[in-house]
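Subject: the model, plus some notes

Hi,

Here is the structure to open alongside this email. My notes follow below it.

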Amino acid sequence: MPDFSDHIKIIVGLLAIVNPPSVVPVFLQLTEGQGEFRRHRFAFVAGMTVAGVLVVAALVGRYILEGLGIGTDSFKVGGGILLLMTAIAMMQGELSKSKQSPEEAVEAGAKDEVAVVPLGIPLLAGPGAITTVILNSEQAGSAQQIAVLYGGIVLVALATWGTLRLAGKMQEILGRTGINIIGRVMGLLLAAIAIEFIAKGLAALLPGLG
């Protein structure tokens, strides 16, 4: 039976990979010149987008894998590598290219409506976040774990909304350096979780390693 630490790991993993503080500078840049009401609306829509994308991933992710004939253990290894690459970028204070390429960043700057794309997808609920949700939904062996996963998604969505709503104040208080420090800590936690996914996948695929 899963213990409390397993539940914490699910929630921390989601918070680490979504990492709302990391998009504060981007959010402020994309909404520059917008009124407070419009910024707050963008923050709400971005949070709802994160919730919607991750809930859909939790509901249908395993069926997509089954339809493509991809084994859970193979996905753990592949997904773990993706999460590890994202974690390394976070620890270097960079935005992972799996979330947004330079070309996409330029295109995003020309859009008037940025809450869904690129903020919600892929900057927040990007490939790494979707992978994390699918991996956790695959490992959920009880109704309690499933409830924790969906509760974690709601918590991450609320954290996203609250963080972006207070983006201006966070930038003033923490500065870019403070935000990068948070990102590096989150990256370290995510790297540990990624290694665990890779190790479990490899142990199942290659029993001799055990």
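One term before the details: I call something a polar contact when a pair of N or O atoms lies within 3.5 Å; within protein, one must be able to donate a hydrogen and the other to accept it, and residues adjacent in sequence count only if both atoms are side-chain atoms. Ser137 gives an example, with its side chain reaching the backbone oxygen of Ile134 at 2.7 Å.

Some housekeeping. This is a predicted model, where local features need pLDDT of at least 70 and side-chain atom pairs count only at pLDDT 80 or more, while totals for chains, interfaces and linings use all residues. Residues are numbered from 1 along each chain as its sequence is written, and side-chain values use heavy atoms, with hydrogens and water left out.

Back to Ser137. This residue sits in helix H7 (helices are DSSP runs of H or I with at least four residues, strands are runs of E with at least two, and both are numbered from the N terminus). Ser137 is buried, at a relative accessible area of 4%; buried means under 20%, exposed over 50% and partly exposed in between, using a 1.4 Å probe and protein chains only. Setting aside neighbours within four places in sequence, Ser137 is in contact with Ala58, Arg62 and Leu149, where contact means heavy atoms within 4.5 Å.

Now for H1. This helix covers residues 4-18, 15 residues in total, and spans 22 Å from its first C-alpha to its last, close to the expected 21 Å (that expectation is 1.5 Å times one less than the number of residues). Its buried residues are His7, Ile10, Gly13, Leu14, Ala16, Ile17 and Val18. They pack against H3 (36-68), H4 (72-91), H6 (115-124), H7 (127-139), H8 (143-165) and H9 (167-205).

Val18 belongs to H1 and has 0% relative accessibility, so it counts as buried. The C-alpha atoms of Val18 and Gly126 are 7.8 Å apart, although 108 residues separate the two along the chain.

What follows H1? Asn19 does, in the loop between H1 and H2 (24-30). Asn19 is not a glycine, yet its phi is positive, about 50 degrees. Asn19 is also buried, with 3% relative accessible area. Beyond its neighbours within four places in sequence, Asn19 is in contact with Met90, Ile182, Gly183 and Met186.

Which peptide bonds are cis? One joins Val117 and Pro118, with omega about 10 degrees. Another runs from Ile121 to Pro122, with omega near 5 degrees.

Last, the surface. Val56, Leu59, Val60, Tyr63, Ile64, Leu68 and Ile70 form a nonpolar patch there, with about 660 Å² of accessible area together. Ile70 is in the loop between H3 and H4, and at 35% relative accessibility it counts as partly exposed. For the cut-offs, patches are made of residues with over 30% relative accessible area and no salt bridge, joining like charges within 9 Å and nonpolar side chains (Val, Leu, Ile, Met, Phe, Trp, Tyr) within 5 Å. A salt bridge is a side-chain nitrogen of Lys or Arg within 4 Å of a carboxyl oxygen of Asp or Glu. Accessible areas come from the Shrake-Rupley method with a 1.4 Å probe, and for residues only the protein chains shown count as cover.

Cheers
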